Amino acid sequence: MMIVTVHSFIQNKLENHSHSFEGKGLFNKKTLSFIENEIHMELQIEKDKIVLKRRTEKKEEFCFTFQEKKNTFLLYCGTIGNLQIPLYTERLIQENGKIEIDYILNEKEKFFFKIIYE
(Lines give C-alpha, C1' and ligand atoms only; values in the text may rest on other atoms or scores of the structure.)
Protein backbone atom coordinates (compact mmCIF):
# COMPACT_ATOMS: atom_id res chain seq x y z
CA MET A 1 0.00 0.00 0.00
CA MET A 2 1.34 3.42 -0.96
CA ILE A 3 0.30 6.96 -0.10
CA VAL A 4 -0.07 8.94 -3.33
CA THR A 5 -0.96 12.47 -4.38
CA VAL A 6 -4.23 12.55 -6.31
CA HIS A 7 -5.22 15.19 -8.87
CA SER A 8 -8.70 14.80 -10.35
CA PHE A 9 -10.70 16.88 -12.79
CA ILE A 10 -14.23 16.42 -14.11
CA GLN A 11 -15.99 18.55 -16.71
CA ASN A 12 -19.66 18.50 -17.70
CA LYS A 13 -19.33 19.41 -21.39
CA LEU A 14 -23.04 20.12 -21.82
CA GLU A 15 -23.16 22.76 -19.06
CA ASN A 16 -19.46 23.73 -19.36
CA HIS A 17 -19.06 23.22 -15.60
CA SER A 18 -15.94 21.69 -14.07
CA HIS A 19 -14.55 20.64 -10.70
CA SER A 20 -11.02 19.74 -9.65
CA PHE A 21 -9.51 18.14 -6.56
CA GLU A 22 -6.03 17.66 -5.14
CA GLY A 23 -5.27 15.56 -2.08
CA LYS A 24 -3.80 12.35 -0.72
CA GLY A 25 -4.97 8.81 -1.33
CA LEU A 26 -4.01 5.17 -0.92
CA PHE A 27 -2.98 2.96 -3.81
CA ASN A 28 -3.07 -0.78 -3.21
CA LYS A 29 -2.34 -3.07 -6.19
CA LYS A 30 -5.09 -1.97 -8.59
CA THR A 31 -7.28 0.11 -6.26
CA LEU A 32 -7.00 3.85 -5.63
CA SER A 33 -8.94 5.22 -2.63
CA PHE A 34 -9.31 8.81 -1.41
CA ILE A 35 -11.79 11.18 0.20
CA GLU A 36 -12.98 14.22 -1.74
CA ASN A 37 -15.29 16.66 0.05
CA GLU A 38 -16.58 13.96 2.43
CA ILE A 39 -17.23 11.57 -0.46
CA HIS A 40 -15.34 8.27 -0.35
CA MET A 41 -13.91 7.54 -3.80
CA GLU A 42 -12.58 4.20 -4.95
CA LEU A 43 -11.23 3.37 -8.41
CA GLN A 44 -10.75 -0.27 -9.31
CA ILE A 45 -8.31 -0.28 -12.20
CA GLU A 46 -8.37 -3.27 -14.52
CA LYS A 47 -6.79 -3.86 -17.92
CA ASP A 48 -9.78 -2.79 -20.01
CA LYS A 49 -12.20 -1.49 -17.40
CA ILE A 50 -12.40 1.13 -14.64
CA VAL A 51 -14.98 0.91 -11.86
CA LEU A 52 -15.49 4.13 -9.90
CA LYS A 53 -17.44 3.99 -6.63
CA ARG A 54 -18.56 7.14 -4.83
CA ARG A 55 -20.07 6.76 -1.35
CA THR A 56 -21.53 9.64 0.62
CA GLU A 57 -22.01 9.95 4.38
CA LYS A 58 -25.76 9.71 3.74
CA LYS A 59 -25.28 6.08 2.65
CA GLU A 60 -25.73 6.80 -1.05
CA GLU A 61 -23.52 4.96 -3.51
CA PHE A 62 -22.83 5.65 -7.17
CA CYS A 63 -21.02 2.95 -9.12
CA PHE A 64 -19.73 3.83 -12.62
CA THR A 65 -18.37 1.11 -14.91
CA PHE A 66 -16.24 2.42 -17.78
CA GLN A 67 -15.28 0.23 -20.75
CA GLU A 68 -14.16 1.91 -23.96
CA LYS A 69 -16.79 1.90 -26.74
CA LYS A 70 -19.26 -0.01 -24.54
CA ASN A 71 -22.66 0.65 -23.02
CA THR A 72 -22.74 0.06 -19.27
CA PHE A 73 -24.59 1.63 -16.36
CA LEU A 74 -24.21 4.06 -13.51
CA LEU A 75 -25.78 2.19 -10.60
CA TYR A 76 -27.27 4.30 -7.82
CA CYS A 77 -28.21 2.83 -4.45
CA GLY A 78 -29.56 5.12 -1.78
CA THR A 79 -32.43 6.92 -0.16
CA ILE A 80 -34.71 6.84 -3.20
CA GLY A 81 -34.02 3.19 -4.04
CA ASN A 82 -31.91 1.67 -6.78
CA LEU A 83 -31.49 3.13 -10.28
CA GLN A 84 -29.61 2.14 -13.42
CA ILE A 85 -28.65 5.08 -15.61
CA PRO A 86 -27.27 4.37 -19.11
CA LEU A 87 -23.57 5.16 -19.52
CA TYR A 88 -21.49 5.02 -22.71
CA THR A 89 -17.69 5.31 -22.59
CA GLU A 90 -16.41 7.05 -25.73
CA ARG A 91 -12.73 7.00 -24.78
CA LEU A 92 -10.72 5.37 -21.99
CA ILE A 93 -6.98 5.95 -21.72
CA GLN A 94 -4.86 4.36 -19.01
CA GLU A 95 -1.22 5.27 -18.69
CA ASN A 96 1.17 4.88 -15.78
CA GLY A 97 -0.50 6.91 -13.00
CA LYS A 98 -3.02 8.64 -15.29
CA ILE A 99 -6.56 7.86 -16.42
CA GLU A 100 -8.67 9.88 -18.89
CA ILE A 101 -12.30 9.06 -19.66
CA ASP A 102 -14.80 10.68 -22.02
CA TYR A 103 -18.31 9.38 -21.37
CA ILE A 104 -21.99 10.07 -21.98
CA LEU A 105 -24.49 9.73 -19.15
CA ASN A 106 -28.19 9.12 -19.79
CA GLU A 107 -27.62 9.38 -23.57
CA LYS A 108 -27.16 13.17 -23.51
CA GLU A 109 -24.78 14.53 -20.85
CA LYS A 110 -21.14 14.44 -21.95
CA PHE A 111 -18.35 14.37 -19.37
CA PHE A 112 -14.57 14.35 -19.32
CA PHE A 113 -12.87 12.80 -16.26
CA LYS A 114 -9.15 12.81 -15.61
CA ILE A 115 -7.22 11.51 -12.62
CA ILE A 116 -3.49 11.49 -11.95
CA TYR A 117 -1.92 9.70 -9.01
CA GLU A 118 1.77 9.82 -8.15
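This is a predicted model: local features need pLDDT of at least 70, side-chain atom pairs count only at pLDDT 80 or more; totals for chains, interfaces and linings use all residues.
A residue counts as buried when its relative accessible area is under 20%, and as exposed when that area is over 50%.

**Exercise 1.** Is strand E4 mostly covered or mostly open?

*Solution.* Start by finding E4, which spans residues 39-45. Next, apply the cut-off of under 20%: 5 of the 7 residues in E4 are buried. Strand E4 is therefore mostly covered by this definition. For the protein as a whole, 38% of the 118 residues count as buried.

**Exercise 2.** Which strands pair with E4, and in what sense?

*Solution.* Look at strand E3 (residues 31-36) to begin with: E3 and E4 pair in the antiparallel sense over 6 bridges. In this pairing, Thr-31 stands opposite Gln-44. Now turn to strand E5 (residues 50-55), which runs antiparallel to E4 and is joined to it by 6 bridges.

**Exercise 3.** How many residues lie between the strands of each hairpin?

*Solution.* Between E3 and E4 there are 2 residues, and Asn-37 in that turn has a positive phi of about 50°. The hairpin of E4 and E5 has 4 residues between its strands.

**Exercise 4.** Why can the protein be called as compact as a globular protein of its length?

*Solution.* Begin with the make-up: 10 strands and 0 helices. The radius of gyration is 14 Å, close to the 13 Å that the globule rule gives for 118 residues, so the protein is as compact as a globular protein of that length.

How values were computed. Residues are numbered from 1 along each chain as its sequence is written. Side-chain values use heavy atoms; hydrogens and water are left out. The radius of gyration is taken over C-alpha atoms; the globule rule is 2.2 Å times the number of residues to the power 0.38. Buried means under 20% relative accessible area, exposed over 50%, partly exposed in between (1.4 Å probe, protein chains only). Two strands pair if DSSP finds at least two bridges between them.
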